[in-house]
Amino acid sequence: MKRIRLLLMLLLTLHIVACKQTKSSEQAFALTRDTLQVEAPFGTYTIQSPNFENAPRFPITDFGAEPADKKKNTEAIAAAIDSAHAVAGGTVVIPKGEWLTGKIHFKSNVNLHLEEGATLLFSENPQDYLPAVLSTWEGMECYNYSPLIYAYECENIAITGKGKLKAKMDTWEVWFARPSGHMQNLKRLYEMASKDIPVEERQMVNDSANFRPQFIQFNRSKHILLEGIAIENSPFWVIHPYLSSDVIIRDVNVFAHGHNNDGVDPEMSQNVLIENCVFDQGDDAIAVKAGRNQDAWRLNTPVKNIVIRDCSVKNGHQLLAIGSELSGGVENVYMGNCEVAPDAKLNHLLFIKTNERRGGYVKHIYMEDIKAGRIDKGILGIETDVLYQWRDLVPTYERRLTQIEQVNMTNIKAANVDFISRILGEEEAPVNTITLRNVSADTIRTESEIHQHVNGFTNTQ
């Protein structure tokens, strides 16, 4: 009998050890990162992105997802993300079909993978994006509705596959109109930011603010990959890397023609590569930003090392915009070999915009090898008094001018433009060192060059 008890204890011990070893092996997945050297006229930098090739897979159907059931799908995606995160690296799989969902919040070491034929359809109900999270509105930090897809302080995250992310627009289209309550809340947020009111007190979810959330926001995150997916419609900015680093956006197709529907807004982020993407936008295709006024001066983080190459743009306000939120500083931005559709609706190919409230700086900007058709305004625009609705809505609490210098454009051709360059600098802070080489248009409707307060401008053919 004693031997039997000993044998049973031995078998139990072996079983416990085996279970621990199995659990340990599940948690021991070694997520690796790929390293990419990115070359640009301003120098070379390195991006590290996560590699989920051999990561365990977590289909959302294993967690109770059903195509038309928003509640079950939202919970299933969250549970799958938890499971992938728990093993230190996993792929959450969205199978073929349309899956209605609410918000998605990332955790580190997770890849959200959409199989071909899969669509994640995001709810139009603002209540599905509560509780409020730390986010931004046009360069000012606040607590707002969660972005539809949100990552906060995450690393090693990805959205991949040949599927689609799509936003239902019923509510957001109504909010595009910016009713009076919205403008009053904008004013309130501006004044809180200008007076350094703690961000925790800037609660912007109420019955009249109607601050639309971004579609995808990577907030204070790093080692990020977006690859292969399509995105359709958006409440606000579409892809928003904010205070993030090591970001690759590759082979992504964006179609969003609503109000403020920029394609990608890298803001106060570093080491970003955007390549082989298609943009069809209701606002700027690419808008490089660095925060607004006192908030950006507090955060003191420039946007730096941004490369956009081999992209196709079908529509947008600007091909490449810089600003007007640029108070943290903008440096080392390159766009090259991008195709503009002959009938694209564009205001400028490159537009740098700021005003007397921004401060910050812009330097080392490069654009080359671009061909376009008719442009509503011109090839290069630089304006230093762009305030839109803010001019009369709120006062200038602190005046800081923006230093703009070292802008280079090479091998740029358009069919029909108002002007080649319009540069409107400030007498106290002239724009410096603008170099155009082989930049031309078949037809110029007004004047080739419209300049004030510019030093060191050259245009050679």
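Among contacts in the protein between residues at least 6 apart in sequence, where contact means heavy atoms within 4.5 Å, 76% join residues at least 24 apart. This is a predicted model, in which local features need pLDDT of at least 70 and side-chain atom pairs count only at pLDDT 80 or more, while totals for chains, interfaces and linings use all residues. Residues are numbered from 1 along each chain as its sequence is written, and side-chain values use heavy atoms, with hydrogens and water left out.

The protein has six helices and 34 strands, which are DSSP runs numbered from the N terminus (H or I of at least four residues for helices, E of at least two for strands). The radius of gyration, taken over C-alpha atoms, is 24 Å, close to the 23 Å that the globule rule gives for 461 residues, so the protein is as compact as a globular protein of that length; the rule itself is 2.2 Å times the number of residues to the power 0.38. Along its principal axes, the C-alpha trace of the protein spans about 105 × 45 × 40 Å.

Of the 461 residues, 56% count as buried, a term that stands for under 20% relative accessible area, with exposed for over 50% and partly exposed for what lies in between (1.4 Å probe, protein chains only). The protein exposes about 18,400 Å², and carbon and sulfur atoms supply 48% of that area, as given by the Shrake-Rupley method with a 1.4 Å probe. The mean positions of the 47 positive and 58 negative charges are 6 Å apart, where Lys and Arg count as positive, Asp and Glu count as negative, and His and the chain ends are not counted; the place of a charge is taken as NZ of Lys, CZ of Arg, CG of Asp or CD of Glu.

A closer look can begin with Q318, which is placed in strand β25, made of residues 318-322, and which counts as buried at 5% relative accessibility. Its side chain is joined to that of H348 by a polar contact of 2.9 Å, that is, a pair of N or O atoms within 3.5 Å, of which, within protein, one must be able to donate a hydrogen and the other to accept it, residues adjacent in sequence counting only if both atoms are side-chain atoms. Leaving aside residues up to four places away in sequence, Q318 touches D284, A285, I286, L346, N347, H348 and F351.

Another cis peptide bond runs from L130 to P131, with omega near 5 degrees, and P131 lies in the loop between β8 (118-122) and β9 (133-137).

Backbone angles also draw attention to two asparagines. N271, in strand β20 (residues 270-275), has a positive phi of about 60 degrees although it is not a glycine, and N271 is buried, with a relative accessible area of 16%. N305, found in strand β23 (residues 303-309), has a positive phi of about 65 degrees, again without being a glycine, and N305 is buried with a relative accessible area of 12%.

The walk ends at T460, which lies in strand β34 (residues 454-460) and counts as partly exposed at 43% relative accessibility. The C-alpha atoms of T460 and V439 are separated by 7.8 Å, and these residues are 21 residues apart along the chain. Not counting residues up to four places away in sequence, T460 touches L436, R437 and N438.
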